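Subject: Structure handover

Hi,

Here is the structure I said I would pass on. Please open it first, then read my notes below.

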Amino acid sequence: MSDCKNTVRPGTSRTKFITLTGLMTAAICIVGPFSLPLPVSPVPVTLTNFAIYIAVYVLGLKAGTVSCLIYLCLGAAGLPVFSSFSGGIGKLAGPTGGYLIGFLFLALIQGILMLRFPGKNAAAVTGMILGTAVCYLFGTVWLAGQMHLTFQAALAAGVIPYLPGDAAKIVLASLAGPKLNAAVRKL
């Protein structure tokens, strides 16, 4: 299995660190706005979590999380990087805001497991699964509060329809991530 050690590590040039972090933030910002609304939910299908999985694979814990945080800050500042080309504090405070903020937990958890078990793709996959579960939990509680739903109703609207797609994204990221990581390590 390909090596999935941290790419941006101590001793890496500051220029490489900033460039890679900026590039992965840009990737998240590019795919984040493209969304597919579902009639059964206020939460659209996006590739944002897939881009975050890849960012953490390529950048590791620290820079991957920073990349996700920059994405959220850019969206909060009003840039149209969130689903359906939206942005602003209102989006973070709205029904899907919990999922957006939950992306930070996703990046942290995936990055921590990758750091703890370097070179182990199974650890990265476990991190993606656990991180996504925590993102789902945070987003579901937020959605329930915002829309005055029971937890079960929010789970049915904000999680259940997305499980197959997110499982596919995890599989794709686990296949592409180590290859991208290896390519970036050669730079």
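I start with Ala-144. Beyond its neighbours up to four places away in sequence, Ala-144 touches Leu-149, Thr-150, Phe-151 and Ala-154. Bear in mind that this is a predicted model.

**Ala-144 and the end of H5**

Ala-144 sits in helix H5, which covers residues 121-147. Its relative accessibility is 10%, so Ala-144 counts as buried. Leu-155 is 11 residues away from Ala-144 along the chain, and their C-alpha atoms are 8.3 Å apart.

H5 itself has 27 residues. From first C-alpha to last, H5 reaches 38 Å, close to the 39 Å expected at 1.5 Å a residue.

Just after H5 comes His-148, with a positive phi of about 55°. His-148 is not a glycine. His-148 belongs to the loop between H5 and helix H6 (151-158). Is His-148 buried or exposed? His-148 is exposed, because its relative accessible area is 73%.

Phe-85 lies in the loop between H2 and helix H3 (89-93). With 47% relative accessibility, Phe-85 counts as partly exposed.

**H2 against H4**

Next, the packing of two helices. Helix H2 spans residues 48-76, and helix H4 spans residues 97-116. They pack at an angle of about 110°, and their axes are 8 Å apart. The angle therefore makes H2 roughly perpendicular to H4. Which classes of residue make up the contact of H2 with H4? The contact has 19 nonpolar and 6 polar residues, and no charged residues.

**H1 and what covers it**

Helix H1 takes in residues 14-31, which is 18 residues. H1 reaches 26 Å from its first C-alpha to its last, close to the 26 Å expected at 1.5 Å a residue.

The buried residues of H1 are Lys-16, Leu-20, Thr-21, Met-24, Thr-25, Ile-28 and Cys-29. Note the lysine in that list: Lys-16 is among the buried residues of H1. An α-helix has 3.6 residues a turn, so residues three or four places apart point the same way.

What covers these buried residues? The cover includes H2 and H7.

Ser-67 shows the H2 part in detail. Ser-67 is in helix H2. At 0% relative accessibility, Ser-67 counts as buried. Setting aside neighbours within four places in sequence, Ser-67 is in contact with Thr-21, Met-24, Thr-25, Ile-28 and Leu-59. Of these, Thr-21, Met-24, Thr-25 and Ile-28 are on the list of buried H1 residues.

Ser-174 is in helix H7, residues 163-185. Ser-174 is buried, with a relative accessible area of 12%. Leaving out residues up to four places away in sequence, Ser-174 touches Tyr-57, Asn-121, Val-125 and Met-128.

Pro-178 is buried, with a relative accessible area of 2%. The C-alpha atoms of Pro-178 and Leu-23 are 17 Å apart, and the two residues are 155 residues apart along the chain.

**Cysteines**

How many disulfides are there? The count is 0, taking a disulfide as a pair of cysteine sulfur atoms within 2.5 Å. Cys-68 is in no disulfide. The nearest cysteine sulfur to that of Cys-68 belongs to Cys-135, 8.7 Å away. With a relative accessibility of 0%, Cys-68 counts as buried.

Cys-73 counts as partly exposed, because its relative accessibility is 47%.

**Where to look on screen**

For a quick pass, begin with Ala-144 and its contacts, including Phe-151. Move on to the H2 and H4 pair, packed at about 110°. Finish with Ser-67 and its contacts, Thr-21 among them.

Best wishes

Note on methods. Residues are numbered from 1 along each chain as its sequence is written. This is a predicted model: local features need pLDDT of at least 70, side-chain atom pairs count only at pLDDT 80 or more; totals for chains, interfaces and linings use all residues. Side-chain values use heavy atoms; hydrogens and water are left out. Axes are lines fitted to C-alpha atoms, for helices over the stretch in contact, and angles run from 0 to 180 degrees between N-to-C directions. Helices (H or I, at least four residues) and strands (E, at least two) are DSSP runs, numbered from the N terminus. Angles under 35 degrees count as roughly parallel, over 145 as roughly antiparallel, 65 to 115 as roughly perpendicular and the rest as oblique. Ala, Val, Leu, Ile, Met, Phe, Trp, Tyr, Cys and Pro count as nonpolar, Asp, Glu, Lys and Arg as charged, and the others, Gly among them, as polar. Buried means under 20% relative accessible area, exposed over 50%, partly exposed in between (1.4 Å probe, protein chains only). Contact means heavy atoms within 4.5 Å. The expected span of a helix is 1.5 Å times one less than its number of residues.
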